[in-house]
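Subject: Structure for your review

Hello,

Here is the structure I said I would pass on. My notes on what turned up in it follow below.

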Amino acid sequence: MSGNDFESLEKILEAHVPEAELRTVKKLLFGKELKKLSLPQGAIEAAAEQDFDLKGYVFEASPEQLRPPRTVRVGLIQNKIVLPTDAPVLEQITALHKRVGEMVEVAAMCGVNIVCFQEAWTMPFAFCTREREPWTEFAESAEDGLTTRFCIQLAKKYNLVVVSPILERDEIHGGTLWNTAVVVSNNGHVLGKSRKNHIPRVGDFNESTYYMEGNTGHSVFQTQFGKIAVNICYGRHHPLNWLMYSIHGAEIIFNPSATVGLLSEPMWSIEARNAAIANHCFTCAINRVGTEYFKNEFTSGDGKKAHRDLGHFYGSSYVAAPDGSRSPGLSRTRDGLLVTELDLNLNRQVADKWNFKMTGRYEMYAEELKKAVQHDFKPNVVKE
């Protein structure tokens, strides 16, 4: 079985693990079993007609005496590019707007309050090629660019928060490019933006050719539906990055990504789930899907022969909760919409049980990290 021809781990398990053992296997892999979310028949039919995977799950919290449930519905969208990578730039952007806009309509039918798209969703993931043109033409203003104006329309029309990761062109600072997530409130206002803090330099992913590490720190956005943050792609490999969003109060951390099977798939199901556990919050991992081919060959940083694609983007988007449970993933091969209903009360309930924030020795870590970044640092190694 090749890396891009099976639908999902869940389907393999269901096909080959006896039913008597399957429940135990899933409990070990995914934590407590989640209830399936009842989705409108119209949404199910629309997803079938438009050919994308649609799944829904519920993360419950225990009833409390002093607080009512704090439920929010989150939608994660993963998708292939629509047109070939050598199609005119505006046509590619317009086609993706249309495709994702149709999926957002289904999300709205499902009662979604916050929707998040994949990393650099308006373009092919061309940052492997080292070419400047035409890829830099996809960059646009985070405040009033074509895509942000499109997301403002979606937010107003469907009364939902939109998290839109784009390639940003910052004209105020000399046309600098950033890998940026724009957050639009359900009222249609641009709440702000969060730039990618960590830039990969591994294999084909040498993205510093295009943009540098972000300078917005660890912004958390207060929305009508809770406090959210956006930890873009490679930041998921850095535990302290997740921690800092949590320190600033994030209740849901989105991780829009673009990553391929041979590079990272064994890590995928672990990292966001571990971050949810360690930081007493919900995490949402979104990965694009499909294989994208480029007209010109490019070389890797790891000695591979010149090639025209990065490999298979394996989708598998999922949501993880602070109690260690997680949803099954979306398809590895198809566009998809994952709808989850979260009770944000679960964050504090789990924190009260495990006390990771109370027992963390942040003052000690901060002091030692301060020393560790100095040029004359001496590791605390005890020798005979």
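In strand β7, Lys193 is the bridge partner of Val182. This is a predicted model, and the pairing belongs to a set of five bridges that join β6 to β7 (residues 190–195), with the two strands running antiparallel. β6 and β7 form a hairpin with five residues between them. Within that turn, Gly188 has a positive phi of about 90°.

On its other pairing, β6 (residues 176–184) is joined to β5 by nine bridges, and these strands also run antiparallel. Val184 in β6 is the bridge partner of Val162. The hairpin of β5 and β6 has five residues between the strands, and Gly174 there takes a positive phi near 75°.

Val162 also stands opposite Val115. That position is part of the pairing of β4 (residues 114–116) with β5, which is parallel and extends over three bridges. From β4 the chain passes through helix α5 (residues 146–158) to reach β5, and this β-α-β crossover is right-handed. Strand β5 (residues 161–170) has nine of its ten residues buried, so it is largely enclosed by the rest of the structure.

Helix α5 also holds Thr147. This residue is buried because its relative accessibility is 0%, where the cut-off for buried is under 20%. Leaving aside neighbours within four places in sequence, Thr147 is in contact with Ile93, His97, Trp121, Thr122, Glu140, Ser164 and Ile166. With His97 there is a polar contact of 3.0 Å between the side chains.

His97 lies in helix α4 (residues 89–109) and is buried as well, with a relative accessible area of 8%. Not counting residues up to four places away in sequence, His97 touches Trp121, Thr122, Leu146, Thr147 and Phe150.

Some backbone geometry to check before you set anything up:

- Most residues other than glycine have a negative phi, and most peptide bonds are trans.
- The peptide bond from Glu133 to Pro134 is cis, with omega near 0°. Pro134 is placed in the loop between β4 and α5.
- Ala120 is not a glycine, yet has a positive phi of about 50°. It lies in the loop between β4 and α5, and its relative accessibility of 2% makes it buried.
- Asp51, also not a glycine, has a positive phi of about 60°. Its place is in the loop between α3 (41–50) and β2, and at 49% relative accessibility it counts as partly exposed.

Last, the pockets. Which residues lie nearest the centre of the largest pocket? They are Glu14, Lys26, Glu33, Lys36 and Pro328, out of 23 residues that line the pocket. The space in this pocket is about 600 Å³. At least two lining residues come from each of α1 (9–16), α2 (19–30) and β2 (53–59). The largest share is that of α2, with five residues.

Regards

Notes: Residues are numbered from 1 along each chain as its sequence is written. This is a predicted model: local features need pLDDT of at least 70, side-chain atom pairs count only at pLDDT 80 or more; totals for chains, interfaces and linings use all residues. Side-chain values use heavy atoms; hydrogens and water are left out. Buried means under 20% relative accessible area, exposed over 50%, partly exposed in between (1.4 Å probe, protein chains only). Helices (H or I, at least four residues) and strands (E, at least two) are DSSP runs, numbered from the N terminus. Two strands pair if DSSP finds at least two bridges between them. A crossover is right-handed if, with the strands pointing away from the viewer, the path from the first strand over the helix to the second runs clockwise. Contact means heavy atoms within 4.5 Å. A polar contact is a pair of N or O atoms within 3.5 Å; within protein, one must be able to donate a hydrogen and the other to accept it, and residues adjacent in sequence count only if both atoms are side-chain atoms. On a 1 Å grid over the protein atoms alone, a cavity is a set of points where a 1.4 Å probe fits but cannot get out, and a pocket is an open set with protein on both sides within 12 Å along at least five of seven lines; lining residues have an atom within 4 Å of a point. Grid points are joined across faces, edges and corners, and a volume is the space filled by probe spheres set on the points.
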